[in-house]
Amino acid sequence: MKEESKIKLNNLLVSNLLKIAFATADTVFFKKILFPVIEKGIRSAIDRVPGPVTWPGVLEDKYYMLRSMAYSSLKLGLSSRFATTVVNKAILSDLRMKKEIEFRTKFGFDPPGFMVISPAKRCNLRCRGCYANSASEKDQLDYKIFTRVIEEMREFWGARFVTVSGGEPMMYRWNGKGILDIYKEHPDSLFLMYTNGTMINDKVARKFYDLGNITPAISVEGMQTVTEQRRGKGVFEKITRAMEILKKNHVLFGVSITVTKDNAEEIVSDEFIDYYFDKLGAGYAWVFHYMPIGRDIDPDLIPTPDQRVMLWEKSWDIVKNRKIMFVDFWNHGPVSDGCVSAGRPGGYFYIDWQAKVYPCVFFPYAATTMNQIYDNGGNLNDLINLPLYSRIRDWQFKYWKEGDLLRPCPIRDHYRMAKKFVVETSAMPSDEGTAEIIKDPVYEKKMDKYDRELAKKTTPIWEDIYKHGNRR
Ligand code: SF4
């Protein structure tokens with residue numbers, strides 16, 4: 001059988017198996033009989049397609065993360081429409097397979113897998129230290145560009161997963177259209193929306209359910225005290241209410257957490273996990289370590305190297321033993337084969353409200369804007385070989401062979417090198433703050449010191465547990 005037919009048959013089998021699993025997730029049949037089959041399927045999928053980094057500890061991490069993903073989504077009883085979007089369109093996609101071949105022929109590697117788009121800077125909250133404190137209608141992404149990018153991802157990359165970030169995406173308005181119009185116009189794409197949750201009511205949740213292609217990730221900082229210290233009084237109650245409404249309406253939702261040196265212990269505590277996952281029914285967590293970029297930055301808020309190792313240990317405990325999809329964007333570098341920025345295979349680009357295109361949300365230097373690309377008659381593929389992105393990708397490909405994936409981030413964990421890429425390609429800063437810090441020797445010294453201290457902590461773990469496969 002030809003490879004293409006084999007993949008098609010495999011996708012069909014897995015898709016039907018997952019649909020049966022979604023329908024029977026609460027039954028003894030599922031727990032006793034079906035789940036062991038799914039676990040075996042995950043193992044064999046990783047063995048068949050291990051990815052570019054194949055150290056034993058890396059494959060173990062991938063297995064446990066995929067298993068937690070399966071458990072998390074199945075136990076929540078997703079709407080069948082959402083399940084179909086996830087399974088048939090975002091995970092198992094014949095379209096993707098076809099486009100991978102076309103893209104590979106042209107560029108020599110596989111296409112990016114998703115995009116992150118922040119359509120509006122504006123927000124209805126005034127959180128401490130957040131850039132998105134403008135209520136202005138300016139600083140919004142042109143709807144035509146927004147929707148065209150999603151179409152072109154599909155057309156050129158076979159990619160149908162879009163992360164929508166902010167500001168507050170629910171505040172986005174362009175000529176009478178809002179974010180829900182985008183979701184409606186692209187029914188075969190899957191949208192993960194980072195939101196503060198305060199604009200989610202019954203009507204909105206019902207709409208999410210009906211559309212069947214959105215999962216909101218609501219921002220929290222920890223329990224009530226810590227969350228309200230940053231987000232303002234009364235916000236915790238609104239967030240809790242939004243989660244209850246989403247659960248009642250069978251909309252899969254998660255939490256997104258910015259971890260600093262002050263809340264690192266709290267967000268991996270039993271109290272936190274019990275509350276958001278067991279009580280409120282969150283299906284996943286995305287953890288982002290505080291990144292000192294933009295205005296009012298404080299590098300001392302970055303979780304310390306010791307905290308980073310603590311978060312690595314605790315997060316894997318949550319993933320493996322509680323079977324919760326708890327993704328720590330930096331510490332779980334082995335799951336994604338490291339940095340996913342700059343349009344690497346399966347990775348992404350980030351577009352902000354000014355249509356500037358960055359390698360990543362946390363890498364605030366852009367090579368171009370989508371306006372420039374489209375005004376010159378180009379398309380999304382014209383991003384691929386711009387020098388800033390190529391430099392980062394060359395580094396990523398090399399890093400797959402020789403790097404420590406517990407320190408995957410060019411801009412955070414290898415700051416001096418990232419700075420070189422920015423300066424040498426004359427990349428555009430996102431704002432005045434980022435224009436300043438790239439020239440700031442004190443900032444550079446702090447980041448470099450952090451990088452060296454972190455390496456001392458993670459390299460022994462990488463060698464022992466990941467490369468040699470010793471048990472943790
Ligand atoms: S640049 Fe850093 S934050 Fe961005 S994808 Fe790469 S590792 Fe993650």
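By class, 10 nonpolar residues, 1 polar residue and 1 charged residue make up the shell around the ligand. Keep in mind as you look around that this is a predicted model. The shell includes the phenylalanines Phe 329, Phe 362 and Phe 363, and the run Pro 408, Cys 409, Pro 410, Ile 411 and Arg 412 also belongs to the residues around the ligand. Cys 339, Val 340, Ser 341 and Cys 360 complete the list.

Now let us turn to the strands. The pairings are set out here:

| Strand pair | Sense | Bridges |
|---|---|---|
| S7 (residues 254–259) and S8 (residues 284–289) | parallel | 5 bridges |
| S8 and S9 (residues 325–328) | parallel | 4 bridges |

Together with helix H11 (residues 270–279), S7 and S8 form a β-α-β unit that is right-handed.

Helix H12 is worth a visit too. Its 17 residues, 305–321, reach 24 Å from the first C-alpha to the last, close to the 24 Å expected at 1.5 Å a residue. Which residues of H12 are buried? They are Arg 308, Leu 311, Trp 312, Ser 315, Ile 318 and Val 319. These residues lie on the same side of H12 because they cover an arc of only 135 degrees around the axis. An α-helix has 3.6 residues a turn, so residues three or four places apart point the same way. Glu 313 and Asn 321 are exposed, on the face of H12 turned away from its buried side. Just after the helix, Lys 323 adopts a positive phi of about 55 degrees.

Notes:
Residues are numbered from 1 along each chain as its sequence is written. This is a predicted model: local features need pLDDT of at least 70, side-chain atom pairs count only at pLDDT 80 or more; totals for chains, interfaces and linings use all residues. A residue is near a molecule or strand if its C-beta atom, placed from the backbone, lies within 6 Å of it. Ala, Val, Leu, Ile, Met, Phe, Trp, Tyr, Cys and Pro count as nonpolar, Asp, Glu, Lys and Arg as charged, and the others, Gly among them, as polar. Two strands pair if DSSP finds at least two bridges between them. Helices (H or I, at least four residues) and strands (E, at least two) are DSSP runs, numbered from the N terminus. A crossover is right-handed if, with the strands pointing away from the viewer, the path from the first strand over the helix to the second runs clockwise. The expected span of a helix is 1.5 Å times one less than its number of residues. A residue is buried if 20 or more other C-beta atoms lie within 10 Å of its own, exposed if 12 or fewer, and partly exposed in between; C-beta atoms are placed from the backbone. The arc is that of the directions from the helix axis to the C-beta atoms.
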